[in-house]
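Morning, everyone. Here is the model for today. Have a look, then we'll go through it.

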Amino acid sequence: MSEEKKEHKKEDFEPKIVGFLCNWCSYAGADLAGTSRIQYPPNVRIIRVMCSGSVDSMYILRALLEGADGVFVGGCHPGDCHYIDGNYKARRRTVLLENILGTLGLEKERVWLRWISASEGQKFADTMKDMTEAVRKLGPNPIAKHWNL
Amino acid sequence: MVLVTINSKEYEAAPDETVLEVCKKNNIFIPTLCHHPSITPYSSCRLCIVEVTQKGWTKLTASCSLPVKEGMIIATNSPHVQNGRKILMELYLARCPTSEQIKELANKLEVQKTRFKTYTDPDNKCILCGLCVRVCNEVMKVKALGFAHRGAKREIAVPFQEFSHVCMTCGACAFVCPTQCINLSKLSPNKPVPLTSDFDAGMAQRGAIYTQFPQAIPNVPVIDKKACMYALNGTCKSCENFCEKDALKHGQEDKEIKVDVGSVIISPGFDTYEPPKGDSYGYRIFPNVLTSIEFERMISSSGPYKGHLARISDGQPPKKIAWLQCVGSRDESCDRQYCSSVCCMYATKEAIIAKEHLPGVDTHIYFMDMRSFGKDFEKYYDRAKDEYEVVYRRCRIPQVEQDRKTKHLSIRYVDDDGALKKESYDMVVLSVGLQPCKDLAEMSKILEVNLNRYGFIETDPFFQVKTSRKGIYASGTVTEPKDIPESVTQASAAAGEAAKDIAALRGTEIIQKVYPDEKNVSNENPRIGVFVCHCGINISGVVDVKKIVAVAQTLPFVVYADDSLYTCSQDSNEKIKEKIKELGLNRIVIASCTPRTHEPLFQDTLREAGLNPHLFEMANIRDQNSWVHKNNPLSATEKAIDAVRMAVAKASDLSPIHHAKIPVVNRALVIGGGISGMQAALSIADQGYETTLVEKESDLGGHLKEIYLGAQGEKPQVLLKQTIEQIMSHPHIQVFTNTVVDHISGYVGNFTTTLLVKKEMSPATIQHGVIIVATGGLPYEPTEYQYNKSKDVLTQTAFEKDLFEEKSYLKNLKEVAMIQCVGSRNEDHPYCSRVCCSEALKNALRFKELNPDATVYVLYRDIRTYGFREDLLYQKARKNGILFIRFEDDHEPEVTLTDGKIMVKTRDTLLRRELHLHPDKLVLSTGIIPQDNTELAQQLKVPLNEDAFYAEAHVKLRPIDFSADGIFLCGLAHSPRFIEESILQAKATGARAATILSKEYLETKGNVARVISRNCVGCQLCVEICPYDAITFDEEKKVVIVNEILCQGCGACCVVCPSGVSQQNTFTKRQIVSMIDAYLE
């Protein structure tokens, strides 16, 4: 119930973000943000996957239906994928997913796909800042409370 | 041990600890200004006051100098304490109203403004805490600083207000000052010299203890003995008070270690050319003149400028940047006659990245010849020009001038029309060349190897890893300036040669670790143990570790949860093993740092305890939590609890994974019997492995048969003859000539190939573990420039043969013209063929030797004699009177025949007029084109690039591997290259092949995909998406099968599988979903 109370006060709203990071680039980039002590908002819960191309759209939808306010997918830069082209697969899938989000009444800006390399700790931190603020502006996930299947 | 009560909670403390120390250790906040762990407490700032209750009465007292006593009752945040601190903070605010640090602390203690009168000097920042005086006296033992005057006039001062003669300008006082108010220039006449980071090209400062660079191996800090005060004076040692693990070893001395080895590889790398201070470019005098290395650090997102481009003089983003090429390359005046090979491309890259970081910035590159000779480099150059609008100007710049006021830089250059122009820039980047590393001369003396005339390691002209001393090999830029792919290739080649010398002893010094038998846990319910790490104070300084443990104990299947100071320490690992045995734990979750560094260590602990290593999950609560949320301890703790919750959820669903072992056929198949294929075969066979060499022609040798001259007098035909002899007499090499590959099946370690031998009825079938593709290239057959219409128009290959045979007509020729880039760098073949410039000059020089009076014209676009060839061929050719005429890309020469006489019409860009030449012979420098590789590429399931050469797995990091395991690539099949470069690649494939052939069996990776075949509907979506062809369709059973050896574990197949039967080990859908649920439910 406390969650719902929070929704009324937008400035107090702390977005819940689930982040899928590929093992080779983005997860390493997030680690580098740590070793470089670059601070960012603590709103993301990170799930390590081997490749951004292994992130099933079902994971993203499930997270959103269960109340995540945003989902982040981080992969290697184009051409740098450890598995040749997994990041391109992720990109294709994200474009499709954006259409589905619309039909659910969700803003496509709730799902972010970004390329972050192992050396881009600053970029990871910046992206987390930007995403947290962007999702905070969007407000709480509107379909989270309608999830009663 | 004494028991004390702090804020109604009992804590254990050592008898010699102070209350402040106990509080800090237990993460209880107490503000301080005058406290430093290395310095005796002084209780001057009073902010650390706490309320102590003893014998029924209470008092406020400074905690920093208060030793703990048994039964002490302490309140750190009682209203009494808070009021006391607030009044103190107001007094500080009155004394130092402008200090940011004081304002920040006041804010933290909820003091907004002061009720007291502001101090007489409102700019004063000194709070008279005396930390500087104490650090100077106690730690540095210099006693340069002291207090002067009394009462309101009290201040920090040097004796007699004069410059101190004992001050070492070590900066310790400024470092410890809580309000950063010490100005060293008022204390000592000596200017402090900041320590700068070599890795950041001097653009960032570092401490006396520092990590050399972020990816250093081993990634541990080092002590700079030239700057460490303990090493210099025997003082300080302050660092020891901060390292909880007692890891600092000041007494460490350099040690001489003796190692018995069978071969040696030299790879110390290069230094970059340092433009001398005061030269005409103004480097180190004009702030906005940078070297390319400095610029590289500036544009690096992890560098000192975080990737933001800024002028050094004013921090403004530059609007216009110029790159000056060939600084310390191709320059006799600084004794660097060679070309550094890499600067053209890195300048292009930097110009592109500058545009990406700062859209709208103008980037101009001043160069002499654009040397984009590497694989796919020409396309990159074209993109820089066309897409990114990088401006290239062909002019060597002698001087940079600076406007004193604006610090703008200006350059004078000659444009294409010959006019002298001046252009102003915000920044100038000097593309500095590569030179031998500093200690190479000394190292070469110790190793007794020769250096060449440029100061690099001398190598055999054909075998460029061989030094002058047997058994010692060299690789990388230590032999010649070169790019990353060439360095990686040469490194593999050197490894192969070094391994060959000691092949007989392979594996004899390996000690296998023995693990206990694995416990079968498949019938057990999950029993999870959670171990939470403090990492000293790295984690527990922010995150409430005890709270995580408390929550973890309540999670499903968790039977044990505890915390430890360092989970990775040996005693903690012993404890994990004990607990596994004692409590029958069968899944382990460790909440600590990152699995990328510590997963293998913990998995080993599991194995030592008889558990399958994959029954393990890590929660990253340091790198991705405490280190990045240090100002937000409550949310960080919440995040850490969620991370543990998610890890436990995943762990409860983990099952053991057993790596399948598949035996390796220790034989190699080499396709192609040219010099590359033969050298690859020799490299493999010399290491003791059976090798089958297949050549489609009737004899070995390939295109080497047509090369007669070497640039430095070496003899390609002798090399060919010797190589063939070695092949034919080698006990481990089986040669098939007149043979083509008919069909290849299988996978790494277990290929089966059928060979079709011409004129024989039955195909031969061989089993092998690896494949080397050395199918070569083809010479371009010209259709332009009247080739085939006149016997006087010939190719370099034909001309070379005549030169070798010293045909009599050569002496009668008066004029010879050569046209470069025939079949290269044009629409049909957009790449550079790399060798034609050097081939032409080699032949031109030989011709001049035979006929010194003849005139030789070379019609070219860019002369690409990279590396030492610049000096050996280009400069030599110019000195020998060979005439170079440059033509523009869109003004190709025209060749006409009149009565059999040749006329070449070309526009000379230097004279800016049309020239008519009437050479007796016209020699075309034809390029190299790919073979028809399509069929074999399909058989091998490997890709080709846009130009139809084979495409390697990674241009820089895996230059001779295919992305398909067990298949390697060398020679002209890869891209155009010289004989010695082909040999390096061939030797390198030998080393790469040995990484597989030396194994008895291959082991599958842990996180491979697996298919529950009874549920597979045979839709084959996974077959299509797999980038490694690791999934095949079983036509009989109508289900798919995963080849676990080929599977690399990307998980792509699991996403496309509509029935969810394809699952990735340790990343199954159920596991990932359980993590999502654990967080959000």
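Start with Val530(B). Beyond its neighbours within four places in sequence, Val530(B) is in contact with Ala552(B), Val558(B), Ala561(B), Val589(B), Ala591(B), Val644(B) and Val648(B). Contact means C-beta atoms, placed from the backbone, within 7 Å.

A word on provenance. This is a predicted model: local features need pLDDT of at least 70, side-chain atom pairs count only at pLDDT 80 or more, and totals for chains, interfaces and linings use all residues. Residues are numbered from 1 along each chain as its sequence is written, while chains are lettered from A and ligands numbered from 1 in the order in which they are written.

Now the helices, which are DSSP runs of H or I, at least four residues, while strands are E, at least two, numbered from the N terminus. Helix α11 (residues 484-501) and helix α23 (residues 979-997), both of chain B, pack at about 65°. Their axes are 7 Å apart. Axes are lines fitted to C-alpha atoms, for helices over the stretch in contact; angles run from 0 to 180 degrees between N-to-C directions. Among the residues that meet are Ala493(B) and Gly496(B) from α11(B), and Ala988(B) and Ala991(B) from α23(B).

Next, the sheet. Three strands form an open sheet, ordered β39-β40-β41 in chain B, with antiparallel pairing. Pairing takes at least two DSSP bridges. β39 (894-898) and β41 (913-917) of chain B are at the edges, each with a single partner strand, so one side of each lacks a neighbour in the sheet. Five bridges join β39(B) to β40(B). Thr898(B) sits opposite Lys901(B) in β40(B).

Definitions and conventions. Two residues are in contact if their C-beta atoms, placed from the backbone, lie within 7 Å.
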